[in-house]
Amino acid sequence: MSAYLIETIGLTKKFGEQIGVKNLGLHVPQGKIYGLLGRNGAGKTTTMRMLLNFVHPTSGTILLFGTDYKKQPDKTYRKIGSIIETPGFYDNLTGRENLKILARLRGQHRKDGIDYALEVVELNKEANKIFSNYSLGMKQRLGIAAAIMHEPELLILDEPISGLDPIGIHEIRKFFLTLCKEKGITILISSHVLSEIEQLADIIGVMHEGRLLEEVDMIELRKRNRLYVTFTVSDVNTAALLLERQFGTSDYTVCDNRTIRLYDNIDRRGEINNCFVSNGLLVTTVSVSEEKLEDYFSELIGGGGIG
Amino acid sequence: MVNLLYCELLKLKRSKMLLISFLGALVTPSMMIADGIKIHYSKPDTIITFADLYDSCSLYTMMLFGLIVYSVIAAYLFSREYTEKTLKTILAVPVSKLTFIISKFIMLFIWIMTLTLISWASMFVLAALFGAAFEIAEFSTVVAVKYLGEMVLGGIFMFLTITPFAFLAIWTKGLVVPIITAAAIAMGNVALSNEALGALYPWTASLMLIRGEITQTGYPYLLVITLIAIVSILGFLASIIYFQREDIK
């Protein structure tokens with residue numbers, strides 16, 4: 001059996017001439033939270049729809065629990081809970097009745113599954129309210145309840161906390177972490193908000209324009225975050241030349257015509273400053289900073305923010 | 001399948017469409033009674049028979065009002081899953097697309113037959129009241145039972161010929177196109193109901209078949225039945241194939 005609960009090989013989806021997802025190789029290990037990160041339109045939702053068999057891939061392979069997703073779909077998808085964008089429920093039914101439909105169709109895993117799920121998302125007091133009268137946050141919470149009520153082994157969640165208030169976000173995030181760490185449930189969660197993913201995920205996959213640019217372990221990623229020193233100088237070309245000739249480093253980036261960012265020789269920044277000044281450069285700022293994840297992802301997708 | 005049907009019924013709880021459709025089933029019988037009252041006063045010598053009322057009720061249900069009401073129901077049943085974005089919730093359970101769509105057709109059949117029975121029963125009750133207040137000839141359960149058979153058969157034919165509207169609802173994901181199409185088909189019924197060509201128009205032909213009027217048109221039964229079957233099967237197959245192949249958004 002594959003080490004991954006979700007694995008895709010060369011997964012591609014074309015919408016006419018337009019490419020939604022291209023040659024995707026996703027690897028979601030068991031018992032981890034995998035954050036799929038990308039800007040709006042990066043292909044995250046299409047990927048998740050393909051994983052859930054809502055969208056037919058143009059080409060490629062999807063392995064769920066180590067087997068082809070089309071073999072025994074009934075057995076496979078019973079072990080999965082999902083939310084794709086805004087959850088859809090019947091407007092004329094109460095929250096409880098909506099969950100009852102799903103429980104009836106799925107077969108109840110536990111007798112108190114509906115109550116358990118409603119309690120987890122704190123909707124037990126609103127369970128008998130008509131769905132059309134729910135607020136956006138309540139609708140989202142009912143979607144989460146529907147996804148977890150049968151205690152799935154895998155959760156596929158597309159932007160699950162959008163629409164929740166800050167306390168709700170905190171509670172649900174805590175709940176997802178508990179599900180993963182204590183019950184060993186694997187979670188694939190997508191978001192275009194880095195801070196959301198950063199606090200949850202063990203592994204991050206970055207998507208951009210339908211491609212998976214990188215899959216990286218968060219521990220590794222945090223190690224990669226480096227300190228750097230920023231010099232604001234009167235002439236970046238001379239500064240760059242001095243760094244290379246006097247300090248033998250090329251590990252710098254020129255941010256604009258006055259700012260240069262140096263990633264090594266941090267401890268020698270005073271010495272470097274003296275060198276710049278003695279070579280006729282006007283140095284207005286020397287500051288030490290840490291490269292944030294946001295910068296890293298921004299660089300990865302070629303500029304622009306994630307969110 | 002039983003669970004799916006149970007869920008289809010549960011989905012109609014508090015549904016305004018259910019109430020509206022029940023009221024819709026009362027419209028044709030009520031109109032027949034209203035027409036009877038008008039005749040009673042405008043042409044007092046005219047004898048209104050129980051069979052006349054049922055005959056007109058069956059005619060207007062199959063040619064006009066029923067066609068539109070049942071098309072709206074078909075469109076509602078199939079399109080609401082798109083408008084309420086519930087497909088991604090239900091199909092993720094998982095439920096097979098084929099089973100799901102078949103359960104929808106069965107639900108449509110149950111709904112149409114229920115409305116047919118409501119129309120028949122309400123016609124019986126209203127005719128009895130009409131008879132008590134004015135006068136009605138040949139009021140008997142024998143006549144009522146005869147027309148029960150005709151109306152049930154009519155309901156079955158209407159279900160069979162309404163499948164293209166289900167496809168239109170799936171294809172357009174809304175009510176508008178099926179309703180406009182149903183109105184156009186109903187206009188065709190009006191134009192062809194007294195013409196021999198009506199035998200080649202499946203929605204009119206259904207009524208002609210039930211009433212044994214096909215022989216008078218000169219067209220062979222096999223041709224008429226084949227045309228009805230083609231429309232029905234095309235509606236079923238197009239719905240199933242399109243639903244199976246389309247991506248769920």
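Which residues does B:K88 touch, not counting residues up to four places away in sequence? In this predicted model, B:K88 touches A:F54, A:I84 and A:G88 of chain A, together with B:I248 of chain B. The points below describe this residue, then the contact between the two chains, and then chain A.

**Residue B:K88**
- Helix α5 of chain B, which covers residues 87-90, contains B:K88.
- B:K88 counts as buried because 21 other C-beta atoms lie within 10 Å, and the cut-off for a buried residue is 20 or more.
- B:S71 stands 17 residues from B:K88 along the chain, and the C-alpha atoms of the two residues are separated by 25 Å.

**Contact between chains A and B**
- On the side of chain B, 22 residues are in contact with 24 residues of chain A.
- Two or more residues of this side are given by each of the elements α1 (2-11) and α5 of chain B.
- The element that gives the most is α1(B), with six residues.
- By class, the side of chain B that touches chain A comprises 11 nonpolar, seven charged and four polar residues.

**Chain A as a whole**
- Chain A has 307 residues, of which 40% count as buried.
- Its secondary structure consists of 11 helices and 15 strands.
- Along the principal axes, the C-alpha atoms of chain A fill a box of roughly 80 × 45 × 35 Å.
- Of the contacts in chain A between residues at least 6 apart in sequence, 69% join residues at least 24 apart.

Terms used. Residues are numbered from 1 along each chain as its sequence is written. Chains are lettered from A and ligands numbered from 1 in the order in which they are written. This is a predicted model: local features need pLDDT of at least 70, side-chain atom pairs count only at pLDDT 80 or more; totals for chains, interfaces and linings use all residues. Helices (H or I, at least four residues) and strands (E, at least two) are DSSP runs, numbered from the N terminus. A residue is buried if 20 or more other C-beta atoms lie within 10 Å of its own, exposed if 12 or fewer, and partly exposed in between; C-beta atoms are placed from the backbone. Two residues are in contact if their C-beta atoms, placed from the backbone, lie within 7 Å. Ala, Val, Leu, Ile, Met, Phe, Trp, Tyr, Cys and Pro count as nonpolar, Asp, Glu, Lys and Arg as charged, and the others, Gly among them, as polar.
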